[in-house]
Amino acid sequence: MAETPDPDDLLSLEEQLAAYQREFQDLDPQVEQVVSALSRLTRRMNVAYGRQSATLGISNAEWEVLKALVLSGAPYQLGPGDLAKRLGLTPAAMTHRIDRLVSEGLVTRERDENNRVRVIVELTAEGREKWLEAMRRASIFEEDLLQDLSSEERGALGEMLTRVLRRVEEAQPDAEGRLSDLE
């Protein structure tokens, strides 16, 4: 079944902005250009990352679990509840991801020897290598993406986007992780 195209993708960014201004005259075109460009860029980057991870035999969602374990630091272990919270998932959704990663040999799931009620999910050497390969590929893609920007422009863009991100995080402190309706 073909994927339904996003309505924004049917028009160029310029056409979308012109339509918005026609229908909503109070719109600040500079603000809308930034927000719309960021939205489109995010969608396209997610598609590109998804294609890259698919060539490694994992989904973006599974890569996110591997990333959460790596970011937790050695020995790369977290409980399923901690993983679910970090990724903004329900326990059931987290269990499904862990099951798949265990079957692929990318993580292990064992009872904590000190607390038999607690389960520990641990990144395997193969899982860490898969994560590293995904990072290598993403790094090449990201360098190519920003090739037209100078080092100074990259720094300035990074600082500006970080300021915008902080504003959103302050205004929406409960919006961490993924939103279930976007999964």
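What percentage of the 183 residues in the chain is buried? Buried residues make up 25% of them, where buried means under 20% relative accessible area, exposed over 50% and partly exposed in between, with a 1.4 Å probe and protein chains only. This is a predicted model, in which local features need pLDDT of at least 70, side-chain atom pairs count only at pLDDT 80 or more, and totals for chains, interfaces and linings use all residues. Residues are numbered from 1 along each chain as its sequence is written, and side-chain values use heavy atoms, with hydrogens and water left out.

The chain holds seven helices and three strands; these are DSSP runs numbered from the N terminus, with helices being H or I of at least four residues and strands E of at least two. In sequence order the pattern is α-α-α-β-α-α-β-β-α-α. The C-alpha trace spans about 65 × 40 × 30 Å along its principal axes. Of the contacts with a separation of 6 or more, 50% are between residues 24 or more positions apart, a contact being heavy atoms within 4.5 Å.

The interior comes next. A nonpolar core is a set of buried Ala, Val, Leu, Ile, Met, Phe, Trp, Tyr and Cys residues joined through side-chain atoms within 4.5 Å. The largest such core has 23 residues, of which Val65, Leu66, Leu69, Leu83, Met94, Val107 and Leu123 touch the most other members. At least two residues each are supplied by helix H3 (60-71), helix H4 (80-87), helix H5 (91-103), strand S3 (115-123) and H6. H3 gives the largest share, six residues. Beyond four places in sequence, the residues that Val107 touches include Leu66, Leu69, Ile98, Val121 and Leu123.

Gly127 sits in helix H6 (residues 125-145). Gly127 counts as buried because its relative accessibility is 0%. Leaving aside neighbours within four places in sequence, Gly127 is in contact with Leu66, Gly105 and Leu106. By contrast, 40 Å separates the C-alpha atoms of Gly127 and Glu32, which are 95 residues apart along the chain.

The last topic is confidence. pLDDT is the predictor's confidence in each residue, from 0 to 100. The chain averages 88, and 90% of the residues score at least 70. Over residues 178-183 pLDDT stays under 50, and the model has nine contacts beyond four places in sequence for this stretch. Where pLDDT is low, the predicted coordinates should not be read in detail.
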